[in-house]
Amino acid sequence: MAATDSQTLLPPGSGPWQLARAELRRRTSVKLSLAVVALVVFMAAAAPLLSSLSGWGPEEFDKSAVDPYLGGQPIGPLGGVSAEHWLGVEPVTGRDLFARVVHGAQVSLLIAFAATALVVVAGVAAGTAAGYFGGGTDAVLSRLMDLTMSFPSLIFMIAMMSVARDVDRIVLMTVVIGLFGWPGVARVVRGQTLSLKHREYVDAARVCGAGPWRILTRDILPGVAGPVIAYTTLLVPGMIATEAALSYLGVGVRPPTPSWGQMIAESVAFYDTDPMYFIVPSTCLFLTVLAFTLLGDALRDILDPRSGRA
């Protein structure tokens with residue numbers, strides 16, 4: 001009823017995107033999620049500026065902030081939180097947690113967004129080709145999707161990341177994560193393309209002499225845009241969690257480059273003596289994944305209602 005009321009407030013003839021924006025503005029959970037996402041994206045984009053404002057870089061050591069006689073424990077309450085170190089410091093090293101968290105956000109979002117873009121481009125290309133051309137093209141691409149999805153992706157990611165040496169870890173993680181993610185998008189796009197290619201306006205374009213490229217770009221892709229956008233938003237939190245998991249296991253981003261997963265792994269040894277070291281990156285990771293997930297759920301319900309839960 002509330003959704004219907006929000007739609008009736010719009011002018012007659014409003015399109016699906018206007019209705020979607022109205023519905024998103026109506027949901028409190030979406031507003032909170034957007035606020036968290038905007039904050040994290042700002043942190044990542046402005047990481048160098050924010051760390052310079054705090055006065056500490058992510059790789060700078062402050063030995064005066066830790067007590068060498070207590071095993072390098074931070075001096076002061078809550079893990080060394082002070083006017084100089086806004087979120088405290090790392091035990092032993094004295095590196096500023098705020099600087100490492102914002103630079104960790106930059107690394108996590110860069111890998112997540114790049115891997116998601118790679119997955120969406122490959123998935124949309126494969127899905128539209130399989131659904132539109134059918135026949136042998138559909139058979140080959142569908143079997144390739146099945147083969148890729150049959151692999152235990154996390155194990156293969158760990159193996160591939162472990163054997164690769166002397167390469168850019170961010171680029172490698174982006175490619176490895178994207179390698180196993182595209183079949184999900186391809187399946188969604190293939191199904192949508194199969195339902196769209198026999199619509200009247202597509203048949204009319206074909207009769208008028210339009211080629212496959214024009215039909216795919218002008219008629220098919222706009223029709224699959226809604227589900228793809230919804231699915232893409234749900235992909236991002238999975239990519240962030242995967243990057244954090246690989247870094248936590250020690251095969252992702254390598255020190256001294258900061259990463260939330262890496263920070264959580266290092267904080268386990270200090271969980272009893274300095275819980276703030278564990279709480280800060282864990283909270284950032286949890287809130288980011290939760291915000292993207294809630295936003296993706298809302299977009300899926302609005303843009304692709306047929307996939308919604310009963």
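## Salt bridges and a pocket

E90 forms a salt bridge with R95, and the closest N and O atoms of this pair are 2.9 Å apart. The structure in which this pair occurs is a predicted model. E90 is buried, its relative accessible area being 2%, and R95 is buried as well, with a relative accessible area of 9%; both values fall under the 20% limit that is used here for buried residues.

E90 also forms a salt bridge with R100, where the closest N and O atoms are again 2.9 Å apart. Because E90 lies in the loop between β2 and α5 while R100 belongs to helix α5, this pair ties together parts that are 10 residues apart in sequence. R100 is buried, as is E90. Taken as a group, E90, R95 and R100 are linked in a network of salt bridges.

The loop that holds E90 runs between β2 (73-74) and α5 (97-133). Leaving aside residues up to four places away in sequence, E90 touches V66, R95, L97, R100, E266 and Y277.

A search of the whole structure finds 5 salt bridges, and three of these pairs are set out in the table.

| Salt bridge | Closest N and O atoms |
|---|---|
| E90 and R95 | 2.9 Å |
| E90 and R100 | 2.9 Å |
| R143 and D146 | 3.0 Å |

R143 and D146 lie within helix α6 (residues 135-150), and because they are 3 residues apart there, about one helical turn separates them. R143 counts as exposed, at 51% relative accessibility, whereas D146, at 29%, counts as partly exposed.

Which classes of residue make up the lining of the second largest pocket? By class, this lining has 9 nonpolar and 4 polar residues, and no charged ones.

Conventions. Residues numbered from 1 in each chain as written. Predicted model: local features only at pLDDT ≥ 70, side-chain atom pairs only at ≥ 80, totals over all residues. Heavy atoms only, no water. Nonpolar A, V, L, I, M, F, W, Y, C, P; charged D, E, K, R; others polar. Helix = DSSP H or I, 4+ residues; strand = E, 2+ residues; numbered from the N terminus. Buried < 20%, exposed > 50% of the residue type's maximum accessible area, 1.4 Å probe, protein only. Contact = heavy atoms within 4.5 Å. Salt bridge = Lys/Arg side-chain N within 4 Å of Asp/Glu carboxyl O.
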